[in-house]
Amino acid sequence: MNLDIIGDIHGCYQEFQELTKKLGYDWENDIPTHPNGRKLAFVGDLTDRGPQSLKVIQVVWKLVIQEQTARYVPGNHCNKLYRYFLGNKVQITHGLETTVEEYQALEKAQQKKVRDMFMELYEQAPLYQVLDNEKLVIAHAGIREDYIGKNNSKVKTFVLYGDITGEKHPDGSPIRRDWASKYRGDAFIVYGHTPVKKPRLVGNTCNIDTGAVFGGKLTALRYPEMDFVDVPSSMPLTPEKFREIE
């Protein structure tokens with residue numbers, strides 16, 4: 001299994017294109033395909049905050065649903081957008097406002113097309129992916145060893161939001177425990193969710209959210225080679241969004 005696993009894109013379509021080209025993918029038919037048959041995987045949070053969330057949705061839908069050549073797991077921002085499209089009452093904040101603004105600028109027929117694409121992508125996605133004979137797990141915010149194979153509400157909260165304590169930082173963001181430092185499982189966990197300045201390898205885990213939407217980089221992990229490939233962000237740097245792990 002030869003995968004290129006991409007961190008949180010958050011609407012950074014330009015960086016997504018640049019990264020896949022750097023990884024050796026061609027874009028002849030408006031989607032990235034690799035001449036050697038490598039496949040893409042996404043750790044979630046495709047949308048919000050960045051400038052072109054809807055284009056990211058369309059490409060990932062084509063790869064995952066239409067072509068069935070890529071893997072995707074949802075992130076917390078994906079979950080919130082899904083609830084918005086369902087018509088649930090959600091706060092249009094923390095980045096969702098940029099996606100909603102893009103969506104509302106479309107004509108009704110285009111709105112329906114994008115909404116249907118995303119709903120199908122989300123509804124067909126597993127909460128997390130267990131791959132390569134259980135040697136690899138892709139989960140948006142990570143997963144505890146004893147949660148692998150389970151799918152209840154406690155597992156869903158952990159996978160989407162991380163090991164949250166229920167308390168908040170002064171800026172309103174949730175305080176999270178460092179689950180990765182305690183992970184002792186055999187499966188290699190690839191995740192994102194919490195922006196770090198460079199990929200964070202701890203034990204048998206790796207965080208590849210290098211904060212593309214906050215002026216960092218968009219990073220891919222090549223599996224099984226365990227090489228990192230990245231491209232710089234075109235977005236302004238927001239240093240306070242990169243948390244040092246406590």
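**Close-up views of a predicted model**

**View 1. The largest pocket and its lining.** The largest pocket holds about 810 Å³ of space. Its lining is made up of 28 residues. Closest to the pocket centre are Arg49, Asn76, Ser173, Pro174 and Arg176. By class, the lining of the largest pocket counts 12 charged, 11 polar and 5 nonpolar residues. The structure shown is a predicted model.

View 2. Strand E11 covers residues 217–223, and strand E12 covers residues 227–232. The two strands pair in the antiparallel sense, over 6 bridges. Look for Leu221, which stands opposite Phe228 in E12. Between E11 and E12 lie 3 residues, and the two strands form a hairpin. In the turn, Met226 has a positive phi of about 65 degrees.

View 3. The model has 14 aromatic pairs. In the pair of Tyr13 and Phe16, the ring centres are 6.5 Å apart and the planes meet at 70 degrees, so the pair is edge-to-face. Planes over 60 degrees apart count as edge-to-face. Helix H1 spans residues 13–22. Tyr13 and Phe16 are separated by about one helical turn, because they are 3 residues apart in this helix. The cut-off for buried is under 20%.

**View 4. The pair of Trp179 and Tyr183.** Trp179 and Tyr183 also form an edge-to-face aromatic pair. Centre to centre, the rings of Trp179 and Tyr183 are 6.2 Å apart. The angle between their planes is 80 degrees. Trp179 is buried, and Tyr183 is buried too.

**View 5. A cluster of aromatic rings.** Which residues do ring pairs link into a cluster? They are Tyr82, Tyr84, Phe85, Tyr103, Phe118 and Tyr122.

Methods
Residues are numbered from 1 along each chain as its sequence is written. This is a predicted model: local features need pLDDT of at least 70, side-chain atom pairs count only at pLDDT 80 or more; totals for chains, interfaces and linings use all residues. Side-chain values use heavy atoms; hydrogens and water are left out. On a 1 Å grid over the protein atoms alone, a cavity is a set of points where a 1.4 Å probe fits but cannot get out, and a pocket is an open set with protein on both sides within 12 Å along at least five of seven lines; lining residues have an atom within 4 Å of a point. Grid points are joined across faces, edges and corners, and a volume is the space filled by probe spheres set on the points. Ala, Val, Leu, Ile, Met, Phe, Trp, Tyr, Cys and Pro count as nonpolar, Asp, Glu, Lys and Arg as charged, and the others, Gly among them, as polar. Two strands pair if DSSP finds at least two bridges between them. Helices (H or I, at least four residues) and strands (E, at least two) are DSSP runs, numbered from the N terminus. Rings of Phe, Tyr and Trp (its six-membered ring) pair if their centres lie within 6.5 Å; planes under 30 degrees apart count as stacked, over 60 as edge-to-face and the rest as tilted. Buried means under 20% relative accessible area, exposed over 50%, partly exposed in between (1.4 Å probe, protein chains only).
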